[in-house]
Amino acid sequence: SMAAENVIKQCVEVLERIMSDDTVPRNIRRSAESVKSTLLNDQDSEAIRAASAISILDEISNDPNIPLHTRTLIWNVASQLETIPVG
């Protein structure tokens with residue numbers, strides 16, 4: 001749906017901001033990149049992409065090395081993705 005596509009687009013923009021932030025540890029930037037690829041994978045439905053992305057985001061947000069401002073962004077992305085209806 002258009003709404004889901006818009007949510008995904010906004011989330012990808014935030015992820016790109018995290019990926020280009022040099023204060024963020026490299027492993028977290030790499031994870032953000034894998035969330036981005038997951039979200040842009042047209043083979044899966046929007047609901048499946050969102051669910052997969054949320055599970056990676058959960059792992060990232062539990063990383064003890066994540067800067068606070070990045071953790072907040074990750075939580076925001078996850079809660080945005082949770083608005084995408086399943087099925």
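Let's start with Val 77, which sits in helix 4; helices here are DSSP runs of H or I with at least four residues, strands are runs of E with at least two, and both are numbered from the N terminus. This is a predicted model, where local features need pLDDT of at least 70 and side-chain atom pairs count only at pLDDT 80 or more, while totals for chains, interfaces and linings use all residues. Residues are numbered from 1 along each chain as its sequence is written, and side-chain values use heavy atoms, with hydrogens and water left out.

So, is Val 77 buried or exposed? Val 77 has a relative accessible area of 2%, so it counts as buried. The cut-offs are under 20% for buried, over 50% for exposed, and partly exposed in between, with a 1.4 Å probe and protein chains only. Which residues does Val 77 touch, if we skip those up to four places away in sequence? They are Cys 11, Val 14 and Leu 57, where contact means heavy atoms within 4.5 Å. Ala 53 is 24 residues from Val 77 in sequence, and their C-alpha atoms are 9.4 Å apart in space.

Now zoom out to the helix pairs. Helix 1 and helix 4 pack at about 165 degrees, and their axes are 10 Å apart. Those axes are lines fitted to C-alpha atoms, for helices over the stretch in contact, and angles run from 0 to 180 degrees between N-to-C directions. That makes this pair roughly antiparallel (over 145 degrees; under 35 is roughly parallel, 65 to 115 roughly perpendicular, and the rest oblique). On helix 1 the contact uses Val 7, Gln 10, Cys 11, Val 14, Arg 17 and Ile 18, and on helix 4 it uses Thr 70, Leu 73, Ile 74, Val 77, Gln 80 and Leu 81. Sort the residues of that contact and you get eight nonpolar, three polar and one charged. For the sorting, Ala, Val, Leu, Ile, Met, Phe, Trp, Tyr, Cys and Pro are nonpolar, Asp, Glu, Lys and Arg are charged, and the others, Gly among them, are polar.

Next pair: helix 1 and helix 2 pack at about 160 degrees, with axes 9 Å apart. Helix 1 is therefore roughly antiparallel to helix 2. Helix 1 brings Ile 8, Cys 11, Val 12, Leu 15, Glu 16, Ile 18 and Met 19 to the contact, and helix 2 brings Arg 29, Ala 32, Glu 33, Val 35, Lys 36, Leu 39 and Leu 40.

Look at Arg 29 in helix 2. Arg 29 is buried, with a relative accessible area of 19%, and among the residues it touches are Ile 18, Asp 21 and Asp 22. Ile 28, also found in helix 2, is buried at 2%. Its contacts include Ile 60, Ile 66 and Thr 70.

Last stop, helix 3. Why does its length make sense? At 1.5 Å a residue, its 16 residues, 46-61, should span 22 Å, and the end C-alpha atoms are 22 Å apart, so the two agree; the expected span is 1.5 Å times one less than the number of residues. Its buried residues, including Ala 47, Ala 53 and Leu 57, pack against helix 1, helix 2 and helix 4. Ala 47 has a relative accessible area of 15%.
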